[in-house]
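Subject: The two-chain model, with notes

Hello,

Here is the structure I promised to pass on. Please have a look at it before you read my notes below.

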Amino acid sequence: MTFLPKPKLHHPKLVENGLGFTRRDYEGAISTLCAGCGHDSISAAIIHACFELDLPPHRIAKLSGIGCSSKTPTYFLGNSHGFNSVHGRMPSVLTGANLANRELIYLGVSGDGDSASIGFGQFAHSIRRGVNMTYIVENNGVYGLTKGQFSATADKGAKSKKGVANNDEAIDLVAVALQLGATYVGRSFSGDKAQLIPLIKGALTHKGAAFIDCISPCVTFNNHEGSTKSFDYVREHNAAVNFLDVIEGREEITTDYAPGTVEIVKQHDGSLLKLRKLSNEYDATDRIAAMNFLQEHHAKGEIVTGLLYVDGESGDMHDLLGTAKHPLNDMDESLLCPGSAALEKLNASLR
Amino acid sequence: MKPTDIGNPDYFHKVVDCQWACPAHTPVPEYIRLIAAGRYDDAYMINWKSNVFPGILGRTCDRPCEPACRRGRVDEEPVAICRLKRVAADNKGDVHARMPQGPFPSNGKRIAVVGAGPAGLAVARDLAPAGYQVIVHDSAPNGGGFIRSQIPKFRLPDSVIDEEVGYITDLGVETRYNSYVSSLKDLLDEGYDAVFVGSGAPRGRELDVPGRQEAAANIHIGIDWLSSVSFGHVKSIGKRVIVLGGGNTAMDCCRSARRLGGTEVKVIVRSGFEEMKASPWEKEDAMHEDIPILNFLVPKEVIHKHGRIVGMSFDKVEAKYDDKGRRTLVPTGAVVQYACDDVLVAIGQENAFPWIEKDIGVEFDRWGMPKVDALTFQSTNPRVFFGGDAAFGPKNIIWAVAHAHQAAISIDKFCHGQDVAERPGPGVTLVSQKMGIHEWSYDNAVSIDLRFKVPHRDKAASLIDIKAEVELGFDAALAFKEAQRCLNCDVQTVFAPKLCIECDACVDICPVDCISFTDDGEEDELRTRLMAPADNKTQDIYVAHGLKTGRIMAKDEDVCLHCGMCAERCPTGAWDMQRFLLDMAQVEPAGVKLEALA
């Protein structure tokens with residue numbers, strides 16, 4: 001079995017972005033995941049999002065833990081920084097990297113096992129600290145690398161490939177993220193790039209902890225009848241609340257919309273999130289309402305997707321800690337080592 | 001859009017651009033794969049069955065396949081299809097045993113063929129194994145027609161012609177060389193069941209300017225001169241030669257003149273360099289031999305002194321286009337003059353049928369061309385069929401062969417009292433190439449090599465010997481590399497909507513963004529909102545309905561690399577790579593089968 005690399009030849013009219021890169025320049029090595037894996041679609045969505053946002057690949061750091069999902073950073077952004085950390089420890093490594101260099105764009109990629117089991121605490125604390133990052137959980141409800149045991153996000157009552165039902169309650173990572181103060185929370189589906197790409201773009205431009213729970217069917221172990229994370233089930237039970245457009249720069253929005261159908265959220269970097277509402281009652285800037293809405297619909301067996309909550313005025317960990325404005329590697333010797341007089345002064349202040 | 005009917009042989013045939021563009025519809029990717037595998041005999045036989053003259057065409061074909069080649073749309077240049085064909089011909093072993101083996105049981109029918117050129121010989125090749133007694137007439141001392149008399153030996157050695165004409169005469173075809181047919185009426189009266197006219201376009205167009213007659217001794221009609229050179233009657237030419245005309249004959253004239261003593265040879269054309277009829281590679285070869293091509297010059301006068309040519313004058317013109325894009329050549333008023341010792345006139349060829357009587361039922365149109373059915377090649381006399389240049393005016397060898405196959409089918413039907421208008425369909429096979437996960441029976445890795453150049457003989461050595469073949473052909477290693485540039489367009493992407501779970505894996509992996517899953521729409525509108533804009537309307541969109549979400553699968557065939565990545569990444573086998581083999585109908589041989597395709 002050989003995995004040929006994706007041919008280098010491309011469409012003759014392949015477009016370039018503002019940096020002169022084509023979408024192909026944001027690709028990585030060829031995926032060795034199972035054919036049809038939802039994760040590959042998410043990788044493709046990340047490629048699209050970074051290309052469309054004109055992000056310089058060398059300014060992005062992609063970090064992951066262990067699992068099928070955590071293998072994927074190899075398959076996108078081949079020219080970016082990468083760190084494949086210990087199982088469940090991606091959030092800590094990402095937090096540390098962010099503390100040292102706040103100027104990179106941090107993309108944490110994790111799975112339901114990595115984030116809802118072994119790294120549940122890590123996940124929780126990185127969210128509550130408000131680390132400036134995009135945290136994507138590629139959620140398939142099973143442990144694919146160990147042959148499909150239920151993970152902690154598998155719905156109660158969902159059936160395994162062999163027909164055994166799951167008796168444990170599911171952890172809803174979106175609900176947890178909302179509760180712990182994530183300032184950008186979305187849920188999407190790997191089979192719906194039209195929804196997923198803008199959601200990732202919004203997260204990448206968001207300042208603060210942006211969390212996306214992306215349901216990603218495991219074609220090998222969790223795409224059968226009785227699964228609640230199969231292509232068919234998710235398509236049938238998908239309750240999208242809005243459709244997002246990310247508008248970069250400060251361009252005016254000139255189109256008129258019927259009142260109440262569109263919500264515009266301005267983010268810190270000036271980008272605008274234009275939310276075309278699909279559900280009239282839904283307000284993506286109301287955290288408490290979002291949590292209630294989520295629970296109500298969950299009880300009805302619906303999977304709520306879209307941009308569920310966003311705080312346009314969000315800050316991040318550096319704001320809270322009052323750290324230096326520049327990355328450590330930008331500081332010269334005089335800043336990093338202010339001399340014995342400064343040390344004396346500091347010591348004296350502590351006596 | 002309507003879902004694509006992949007059951008229609010034309011659909012996938014069109015995707016194989018080279019085969020579709022080839023008048024004889026030779027299965028190009030099939031034989032290129034065999035060349036890559038070193039199976040030259042098999043590659044040759046596929047060609048021989050389809051285009052009859054692989055060794056000849058591999059050196060001289062006009063290559064309609066190459067401008068059509070998909071590789072040319074994703075890379076700088078197409079695959080060197082023509083020269084790969086030559087590799088098969090040059091490197092094969094003895095293929096005599098693989099030819100149809102006579103004697104063939106006679107069906108009692110006698111066919112006269114007029115002209116032993118590519119059309120006539122190909123008709124004979126198709127009919128002889130079916131039991132026909134075929135008698136080929138030609139005024140020349142040997143077979144080949146213009147292939148032998150017009151194409152200089154430095155492009156096509158006699159040995160290649162002898163071999164491939166030999167495969168046909170070996171089938172028991174009777175040849176009457178050195179016999180000019182002066183009356184079609186007499187021929188018909190000899191009781192043939194049918195007559196095939198493949199007499200070509202034997203007359204070179206005349207130059208009509210003042211001084212032409214006075215300096216006649218040094219003004220030669222190109223095709224006649226080439227033929228004299230070919231048969232050894234002409235062995236030298238003046239030092240300064242002007243060649244008039246911009247077609248391939250002009251290129252052959254100028255390059256021949258360079259080898260017979262012409263040191264200052266120039267080609268002068270009426271129109272622009274770009275619009276010249278000569279193939280780009282032939283122009284290149286001429287220029288490489290220090291022959292300038294001067295354009296926008298219309299012959300005005302032959303200048304002569306004491307009955308000897310001195311030079312020629314030309315009106316300098318420029319191209320003007322009207323609103324409808326029609327071009328006219330407008331004189332600029334300038335007159336230029338070039339000194340010369342000889343002039344070769346290669347400004348076109350014409351048909352001539354002085355030997356066809358007006359009262360035998362073969363009607364001619366007002367341009368003096370026979371009225372020939374474009375599908376059946378039957379003339380208004382049902383017993384007389386035309387093909388090659390004789391049918392619709394000067395074209396090239398591969399068209400002559402294509403005509404011949406169709407004419408042979410018509411003759412076969414006519415002789416058996418069947419309706420010639422009913423044409424037999426092609427044989428089509430479509431077979432999965434899947435061998436395992438990530439494994440295909442074809443080499444699906446896409447080479448990124450640029451087109452390889454065919455090695456040439458040293459220029460100085462070439463110019464002193466008119467019989468020294470200039471192109472040396474690809475060696476096995478180069479041939480392999482060039483063959484690997486072929487995208488295997490005949491290995492089709494076949495989609496089964498029922499199996500598709502719409503996971504997007506194929507969309508994500510496709511290196512050329514040709515697959516989209518989207519809402520249905522009218523074609524023009526749909527083309528604008530696919531993964532990549534589908535601007536090339538000569539290429540189809542493969543549309544499949546029947547997906548669970550109600551969307552459609554739309555694949556733009558235009559730049560598909562046939563790399564099989566979509567099928568490799570498909571979890572359900574909804575995409576499969578299937579080899580499409582289209583075998584054009586030919587006259588059924590009696591009792592023997594032509595070599596089966598590999």
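What follows is a short tour of what was found.

First, the ground rules: this is a predicted model, in which local features need pLDDT of at least 70 and side-chain atom pairs count only at pLDDT 80 or more, while totals for chains, interfaces and linings use all residues. Residues are numbered from 1 along each chain as its sequence is written, and chains are lettered from A and ligands numbered from 1 in the order in which they are written.

Let me begin where the chains meet. The contact draws on 24 residues of chain A and 30 residues of chain B; two residues are in contact if their C-beta atoms, placed from the backbone, lie within 7 Å. On the chain A side, α1 (38–52) and α8 (231–237) each supply at least two residues, and the largest share, 4 residues, comes from α1(A). Helices here are DSSP runs of H or I with at least four residues, strands are runs of E with at least two, and both are numbered from the N terminus. By class, this side of chain A has 11 nonpolar, 7 polar and 6 charged residues. Nonpolar means Ala, Val, Leu, Ile, Met, Phe, Trp, Tyr, Cys and Pro; charged means Asp, Glu, Lys and Arg; the others, Gly among them, are polar.

Now to chain B and a pair of helices. Helix α3 (residues 28–36) and helix α8 (residues 81–91) of chain B pack at an angle of about 50°, with axes 10 Å apart. Axes are lines fitted to C-alpha atoms, for helices over the stretch in contact, and angles run from 0 to 180 degrees between N-to-C directions. α3(B) and α8(B) are therefore oblique to each other, since angles under 35 degrees count as roughly parallel, over 145 as roughly antiparallel, 65 to 115 as roughly perpendicular and the rest as oblique. V28(B), Y31(B), I32(B) and I35(B) of α3(B) meet I81(B), L84(B), V87(B) and A88(B) of α8(B). That contact has 8 nonpolar, no polar and no charged residues.

There are strands to look at too. In chain B, β10-β11-β12 form an open sheet of 3 strands in that order, with antiparallel pairing; two strands pair if DSSP finds at least two bridges between them. β10 (297–305) and β12 (327–339) of chain B stand at the edges with a single partner strand each, so one side of each has no neighbour in the sheet. The twist averages 20° from one strand to the next. Strand β11 (residues 308–321) of chain B is joined to β12(B) by 10 bridges, and A319(B) stands opposite L329(B) in β12(B).

Elsewhere, β7 (residues 240–244) of chain B has 4 of its 5 residues buried, so it is largely enclosed by the rest of the structure. A residue is buried if 20 or more other C-beta atoms lie within 10 Å of its own, exposed if 12 or fewer, and partly exposed in between, with C-beta atoms placed from the backbone. β7(B) runs parallel to β8 (residues 264–268) of chain B, joined by 5 bridges, and V241(B) has V265(B) as its bridge partner.

Finally, some backbone details. A cis peptide bond with omega of about -5° joins G102(B) and P103(B). E502(B), which is not a glycine, has a positive phi of about 55°. E502(B) counts as buried, with 21 C-beta neighbours inside 10 Å.

Enjoy exploring!
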